[in-house]
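I opened my notebook to write down what I looked up. I went one topic at a time.

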Amino acid sequence: MTVRFFHTSDWHLGQFFYNHSRHYEHEQFLAWLLEQIKAKQPHALLIAGDIFDVINPSSQAQKQLYQFLADAHELAPHMQTLMIAGNHDSGYRIEQVEPLLAKYNAKTVGVIRWNQDKTLDLERLILPIYDEQKQIVAWCIALPFLRSAEITGFNEHTTNSQNAIAYLHQQLIAEAKRRKTDDQALILMSHAHMQGGETSDSERPIIIGNEEALSTSLFDDSIDYVALGHLHKPQKVQHPHIRYSGSPIPLSFSEINYKHQVVEVTIDPTKSEDTFNFEALAIPRSIQLHKIKDELTVVMQRLRNLPNEPIENLEHREYVDIEYHTATPPQPNLRQQFEDALPKDRYRLVRISRQYLSNESNAESKQTISLEPPTPEKLFQQIWEKKGYHADDEVTQDFMSLVAEAQKQLEDDQTV
């Protein structure tokens with residue numbers, strides 16, 4: 001039997017980009033995705049985590065998701081939408097709306113749960129995928145982002161995160177293999193940082209303390225496809241069937257050249273070869289990003305040469321990041337000069353940075369004016385360095401462990 005599904009992840013609904021809402025860009029992406037669903041009629045849509053950008057998403061961001069699910073269900077009533085929580089999501093929050101999701105043929109797995117006898121609750125994590133005739137064509141192991149507090153200390157197999165992660169995969173894959181028949185596919189969906197994956201500067205670190213990125217050796221040969229979330233660049237990890245779909249829009253200027261996509265996957269386990277096929281469905285970019293990097297005079301000229309047709313709606317205007325090189329201190333009205341050089345009513349200048357060229361030492365130092373709210377990690381590094389200390393990897397990892405614990409406590413408080 002053949003199963004057809006879409007693999008996507010890292011939507012980050014509700015994201016603010018240097019204090020600018022991405023709502024319009026997400027609306028355009030979701031409208032495009034609905035067109036693909038209508039045309040292709042897949043059996044399932046897999047969303048591999050980081051559905052929202054923050055654990056407390058705005059009502060606008062939540063409405064955007066649920067309206068999409070309603071629209072998708074209307075266009076493809078047989079299609080199942082399977083979602084897992086990422087490190088940006090509150091697993092408890094996205095599970096709280098299960099009755100609503102059921103109306104749209106959608107399911108979500110936010111957290112790992114354990115039975116009273118300290119065994120893993122396998123039932124919630126292994127989900128069937130049906131075809132139009134309600135026949136099971138595949139099984140999907142759904143693994144949300146694995147927080148240490150949710151997977152360690154339950155039995156002798158979970159004494160630390162690495163042991164627990166290996167134990168979870170072994171238990172789930174073994175049970176899924178017991179359930180499936182030879183003509184049913186086996187899919188694993190996970191939100192994790194895999195060894196060998198290429199990162200960008202917009203992904204929140206999820207490797208805490210001494211933990212390492214996960215190895216693809218966790219995945220049994222019986223798994224036909226691994227649908228990954230977390231890294232924003234579309235890429236395979238060692239094998240063609242182990243893939244990150246990537247984010248649907250660029251979430252930082254480092255992602256300007258990413259080929260954003262949704263992966264369409266077809267699996268026919270009954271074939272002796274070529275059982276797995278995929279096609280990258282290219283997502284149109286609704287708002288362009290421009291990174292202008294050069295000497296000051298060249299930057300000014302490049303700004304003037306940008307397309308100049310006005311864009312009336314402020315939320316539709318293009319983003320500009322400037323990095324200028326100079327050997328002299330900046331003029332006090334330099335930002336205004338940049339704004340004046342830009343064609344009017346088309347762009348949003350969101351970031352200015354200076355690469356200062358020292359004539360005396362030929363050393364380069366970079367100063368940045370960022371309009372984006374600082375992350376806890378950046379604030380910690382700035383304060384630590386002002387105190388005269390050096391924030392080495394070990395200190396930073398300890399701090400990020402505290403941040404992760406605080407985030408987890410906040411999520412727990414919300415469920416009370």
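**Entry 1: a histidine**

Does His-290 count as buried or exposed? I looked up its relative accessibility and found 17%. The cut-off for buried is under 20%, so His-290 counts as buried. I keep in mind that this is a predicted model.

I then looked for the place of His-290 and found it in strand 15, which covers residues 289-295. Next I listed its contacts, leaving aside neighbours within four places in sequence. They are Phe-253, Ile-256, Leu-306, Glu-318, Tyr-319, Val-320, Asp-321 and Tyr-347.

**Entry 2: the whole chain**

I stepped back to the totals. The protein chain has 416 residues, and 51% of them count as buried. I noted 10 helices and 18 strands. I also checked contacts between residues at least 6 apart in sequence. Of these, 71% join residues at least 24 apart.

Strand 5 (residues 80-84) pairs with strand 6 in the parallel sense, over 4 bridges. There I found Thr-81 opposite Ala-106 of strand 6.

I picked Glu-264, which lies in strand 13. Its relative accessibility is 13%, so Glu-264 counts as buried. How far apart in space are Glu-264 and Glu-279? I got 5.1 Å from C-alpha to C-alpha, although 15 residues separate them in sequence. Glu-279 is also one of the contacts of Glu-264, once neighbours within four places in sequence are left aside.

**Entry 3: two helix pairs**

Two packed helices are described by the angle between their axes and the distance between the axes. I looked up both values for two pairs.

Helix 1 (residues 23-40) and helix 2 (residues 59-75) pack at about 15°, with axes 10 Å apart. Angles under 35 degrees count as roughly parallel, and helix 1 and helix 2 are therefore roughly parallel to each other. Their crossing is right-handed. From helix 1, the residues in this contact are His-23, His-26, Glu-27, Leu-30, Leu-33, Leu-34, Ile-37 and Lys-38. From helix 2 they are Gln-60, Gln-64, Phe-68, Asp-71, Ala-72 and Leu-75. The contact divides into 7 nonpolar, 4 polar and 3 charged residues.

For helix 7 (residues 296-304) and helix 8 (residues 334-341), I noted an angle of about 35° and axes 8 Å apart. Leu-296, Val-299, Met-300, Leu-303 and Arg-304 of helix 7 meet Leu-334, Gln-337, Phe-338 and Ala-341 of helix 8. This contact divides into 7 nonpolar, 1 polar and 1 charged.

**Entry 4: the sheet with strand 7**

I moved to another open sheet, where 6 strands follow the order 7-8-9-10-12-11 with mixed pairing. Which strands stand at its edges? I found strand 7 (126-130) and strand 11 (235-237) there. Each has a single partner strand, so one side of each lacks a neighbour in the sheet.

Strand 11 and strand 12 (residues 239-244) pair in the antiparallel sense over 3 bridges. Lys-236 has Arg-243 in strand 12 as its bridge partner. Helix 6 (residues 161-179) lies across strand 7, strand 8 (136-143) and strand 9 (185-191). Helix 6 runs at about 170° to strand 8.

**Entry 5: positive phi**

Most residues other than glycine have a negative phi. I looked up two with positive values.

Asn-19 has a phi near 75°. I found Asn-19 in the loop between strand 2 (16-17) and strand 3 (20-21). At 49% relative accessibility, Asn-19 counts as partly exposed.

Lys-134 has a phi near 65°. Its place is in the loop between strand 7 and strand 8. Lys-134 is exposed, with a relative accessible area of 60%.

Note on methods. Residues numbered from 1 in each chain as written. Predicted model: local features only at pLDDT ≥ 70, side-chain atom pairs only at ≥ 80, totals over all residues. Heavy atoms only, no water. Axes fitted to C-alpha atoms, helices over the stretch in contact; angles between N-to-C directions. Parallel < 35°, antiparallel > 145°, perpendicular 65-115°, else oblique. Left-handed = near helix turned anticlockwise from the far one by under 90°. Contact = heavy atoms within 4.5 Å. Nonpolar A, V, L, I, M, F, W, Y, C, P; charged D, E, K, R; others polar. Buried < 20%, exposed > 50% of the residue type's maximum accessible area, 1.4 Å probe, protein only. Pairing = 2+ DSSP bridges.
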